[in-house]
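Have the structure open while you go through the points.

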Amino acid sequence: MNTDELVAHGRSRFEHAVARRTLKEKYQAKLTFAYASGMWLAGPELLSTLSACTSPDSVILDLYDTPVKVQTREFRDQVRSHWQEQMNAWLVEYEELNKNR
Amino acid sequence: MTTGALIFARNNEEIDYVAMAQWSAKNIERHLGIPTHIITDDAVNNNTRHFTDVGNVTWHNHNRMDAYRLSPWDRTLVLDADYVVASDQLKVLLEIDQDFLAHRWAYDVTGCNNFEGLNYFGDHRMPMWWATVMMFRKSKHAELIFDSMQMIRDNWTHYRNLYKSTTATYRNDHALSIALGIVNGHTLDHNSVPWALASLTPEHRLTQLDQDSYRVDFINTENRARWIELRQDFHAMGKQHLGEIVASNS
């Protein structure tokens, strides 16, 4: 086994993992948004919660565990749109990262 | 509800914090659409006139804890002069029903430094809240936080001993963290900005690519030169490079 190659490979993997983590931090921020005075993280968990709500108005907990009344359909559309908008941007940067690897 | 930003800026021999704050005020106006007041102990500078609704408040012995009293707005963002606003990310803080928010976590955008030590303070490893970005709403809760910071600053030796802070120098971050503990009944259950503070340490070179994108050159763990492009808000902990960017923009 070529240990120099092993070390170089390990370091390269480390650098890539760091870059991926930094990218994740960035998009965790961008996925956050405000609605009805509450703070939310757009993503599958919130969408699943909203899918379980069948009434026009629903009360759900925001990121600060505050119950907030939302208009279910409008909010769900907003979450989905914000989530995918940011995920697309994340994908572009992720592919750029892999290209530069 | 009125909203605005406050930046505390006090020049020293090395760094023109006032110029930095003036540059930041333009970014705040452009991205967040809110006015900025720069609080400095320098004489009012005519260079500020081109900002929309920007005022200077001459103030001696100013401190971050004066923000509550000095702010003319219902809701205020308090930013360090070296916090670079390159997006509308902070807008979300102005639209929610919270009295006070600050960052609990910070991270190095290059990944070269582990901020574990910086996210805690003292021998007891008390969690640290960063005073770099604070949002407050005029309220009893926010007033008590700022009053407590004042009390801690005025009795710093006592609090430094109590919390076994390893540095003698007073830090707003430490005072804020202690104040949040006192005001929230020592529960450590404080609402925070729900994302980490992107930070750039001084050893990395920062240059501007265009209006809202920046290049960071650094040496990675393989001792190789690397660079990344930043298109987001960040805290430039090294003031020299940011100072050069500000100077080249003026």
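Predicted model: local features only at pLDDT ≥ 70, side-chain atom pairs only at ≥ 80, totals over all residues.

1. Let me start in chain B, where Leu200(B) sits opposite Ala236(B) in E15(B). Strand E15 covers residues 234-236 of chain B and runs parallel to E11(B), with two bridges joining them.

2. Residues are numbered from 1 along each chain as its sequence is written, while chains are lettered from A and ligands numbered from 1 in the order in which they are written.

3. Back to the sheet. E15(B) and E11(B) belong to an open, mixed sheet of four strands in chain B, ordered E5-E15-E11-E7. Its edges are strand E5 (83-84) and strand E7 (106-108) of chain B, each pairing on one side only. E7(B) runs parallel to strand E11 (residues 197-200) of chain B, over three bridges. Across that pairing, Tyr107(B) faces Ala198(B) and Asp108(B) faces Ser199(B).

4. Leaving aside residues up to four places away in sequence, Val133(B) touches Leu79(B), Tyr83(B), Ala102(B), His103(B), Val193(B) and Leu197(B); contact means that the C-beta atoms, placed from the backbone, lie within 7 Å. Val133(B) belongs to strand E10 (residues 130-137) of chain B, and counts as buried because it has 22 C-beta neighbours inside 10 Å.

5. On domains, chain B is assigned domain 1 (3-82 + 90-198) and domain 2 (201-249); the bounds come from an automatic or database domain assignment. Their C-alpha centres lie 22 Å apart. Contacts between them involve 16 residues of domain 1 of chain B and 17 residues of domain 2 of chain B. On the domain 1 side, helix H1 (17-32) and E11 of chain B each supply at least two residues, and H1(B) gives the largest share, three residues. By class, that side has nine nonpolar, three polar and four charged residues. The classes are Ala, Val, Leu, Ile, Met, Phe, Trp, Tyr, Cys and Pro as nonpolar, Asp, Glu, Lys and Arg as charged, and the others, Gly among them, as polar.

6. Between the chains, 18 residues of chain B are in contact with 20 residues of chain A. The chain B side divides into eight nonpolar, seven polar and three charged residues.

7. Chain A has a mean pLDDT of 93, with 98% of its residues at 70 or more; pLDDT is the predictor's confidence in each residue, from 0 to 100.

8. Strand E1 (residues 32-35) and strand E2 (residues 38-41) of chain A pair antiparallel over four bridges, with Thr32(A) opposite Leu41(A). Two residues lie between the strands, and Ala36(A) in the turn has a positive phi of about 50 degrees. Ser37(A), in the loop between E1 and E2 of chain A, also has a positive phi, near 70 degrees. Ser37(A) is partly exposed, as 13 other C-beta atoms lie within 10 Å.

9. Last, helix H3 (residues 72-99) of chain A: its 28 residues reach 40 Å from first C-alpha to last, close to the 40 Å expected at 1.5 Å a residue, the expectation being 1.5 Å times one less than the number of residues. Which residues of H3(A) are buried? They are Phe75(A), Val79(A), His82(A) and Gln86(A), and they pack against H1, E1, E2, helix H2 (44-51) and strand E4 (67-71) of chain A.

Methods
Pairing = 2+ DSSP bridges. Contact = placed C-beta atoms within 7 Å. Buried ≥ 20, exposed ≤ 12 C-beta atoms within 10 Å, placed from the backbone.
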